[in-house]
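Hi everyone, thanks for having me. Let's walk through one structure together, starting with the overall picture and then stopping at a few helices.

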Amino acid sequence: MKSRQKRDKELAAIEVLRQTGVDVLEAALVARAALAAGRGRVRRAMACIAAGAETLKKREKTVTFERAVQEALEERRDRRARSVKDFRYMARRFMKRCKGLAKRRMRSITPQECAAYLRQGFDTPRQRNNARLILSGIFSTAVKHGWCAENPVRKVQPERLEEKRIAILTNEEIGRLMNAAEAYKGGICLAAVAIMLLAGVRPHECERLRWGDVRLPAAGSGASYSAEAKGVICITPQHSKTGGARCVTIHPPLESILRREKRANPERICPPNWRKLWTGLHKAAGFLRWQPDVLRHTFATHHLATFRSYAELQLEMGHRSAELLRTRYVAMEGIYRPGLVH
């Protein structure tokens with residue numbers, strides 16, 4: 001009787017396994033593995049299966065690349081407008097140039113594919129290295145939300161850059177630019193040009209400056225130009241490219257221009273429609289092709305030639321280390337103009 005009951009149970013078990021649609025032997029092996037994980041106890045085996053199913057569900061949770069970009073932008077909405085704009089531009093360029101990327105599932109994208117997307121989306125090593133940071137930011141957002149297990153971009157090595165000769169303005173070019181600034185549109189651009197050339201302030205930082213950020217030294221402070229007597233231009237964290245505040249020294253040549261041009265506190269130093277005016281100005285000065293960082297490079301080179309201090313220049317430029325100054329900012333063989341910053 002017991003033998004028959006046992007046989008009936010075995011037949012019933014086989015029928016249950018058959019109803020799964022899986023090969024009976026394979027189904028039996030799965031059941032055996034579950035019982036082994038549960039140490040031979042059915043309830044524990046069922047708990048192991050439930051826990052494994054939940055883990056698998058989390059592992060398979062993902063979204064499209066396009067959706068991850070949207071979330072990454074949302075998380076960065078409080079950052080500086082230019083940073084958000086650059087992030088959005090590069091993310092869209094990825095999706096525009098890399099066919100099918102927008103609808104790819106984040107969890108399925110490999111490091112090899114990330115490297116291929118960088119090559120497809122961007123043309124130069126420097127562009128690809130900048131884009132790599134954006135792509136990594138998108139995947140970091142996805143990892144945080146559980147949409148992928150790891151950031152595959154971290155396995156993609158940055159490209160090695162071959163640094164080119166650093167260009168600065170010659171004495172003659174500096175004279176042409178400043179003369180044009182005084183004459184162009186009644187000199188409305190002169191203060192902004194002087195701040196970029198004679199204080200090394202970044203163009204986008206200069207656009208945000210107001211006259212209230214300019215602290216001129218007290219009149220009659222003397223020729224010594226001591227630390228107490230120096231005037232400064234205050235770059236706030238909201239205006240700085242790197243997010244850190246700094247005070248840039250106003251040296252005598254810049255001071256004389258700012259005293260002459262200074263206007264009411266709330267006004268911006270750059271006039272309205274600045275970018276169009278700036279393009280017109282450097283063309284009026286005879287620069288048909290303008291290099292965006294040339295004023296900052298010129299300032300850095302002359303400052304180092306005058307004061308012989310990387311540490312001081314680092315503070316003026318707002319860099320975290322002096323290494324970038326040595327490799328990409330200072331033209332050591334440059335033409336020094338006496339009195340440019342002093």
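Before we count anything, a word on terms: helices here are DSSP runs of H or I with at least four residues, strands are runs of E with at least two, and both are numbered from the N terminus. Please keep in mind that this is a predicted model. With those terms, the chain has 15 helices and three strands. Of its 342 residues, 41% are buried. Now take the contacts between residues at least 6 apart in sequence: 68% of them join residues at least 24 apart.

Our first stop is helix α7, residues 125–144. How far apart should its ends be? At 1.5 Å a residue, its 20 residues should span 28 Å, and the end C-alpha atoms are 29 Å apart, so the two values agree. The buried residues of α7 include Arg128, Ile134, Leu135 and Phe139. Which helices do the buried residues of α7 pack against? They pack against α4 (65–75), α5 (81–97) and α6 (111–121). Just after α7, look for Gly146, which has a positive phi of about 75°.

Next, let's turn to a pair of helices. The axes of α13 (residues 294–307) and α14 (residues 310–317) come within 9 Å and cross at roughly 150°. Angles over 145 degrees count as roughly antiparallel, so that is how α13 and α14 run relative to each other. Their crossing is right-handed. Among the residues making the contact are Phe299, Leu304 and Phe307 of α13, with Tyr310, Leu313 and Met317 from α14. By class, the contact has seven nonpolar, one polar and three charged residues.

Notes: Residues are numbered from 1 along each chain as its sequence is written. This is a predicted model: local features need pLDDT of at least 70, side-chain atom pairs count only at pLDDT 80 or more; totals for chains, interfaces and linings use all residues. Side-chain values use heavy atoms; hydrogens and water are left out. The expected span of a helix is 1.5 Å times one less than its number of residues. Buried means under 20% relative accessible area, exposed over 50%, partly exposed in between (1.4 Å probe, protein chains only). Contact means heavy atoms within 4.5 Å. Axes are lines fitted to C-alpha atoms, for helices over the stretch in contact, and angles run from 0 to 180 degrees between N-to-C directions. Angles under 35 degrees count as roughly parallel, over 145 as roughly antiparallel, 65 to 115 as roughly perpendicular and the rest as oblique. A crossing is left-handed if the near helix is turned anticlockwise from the far one by less than a right angle, and right-handed if clockwise. Ala, Val, Leu, Ile, Met, Phe, Trp, Tyr, Cys and Pro count as nonpolar, Asp, Glu, Lys and Arg as charged, and the others, Gly among them, as polar.
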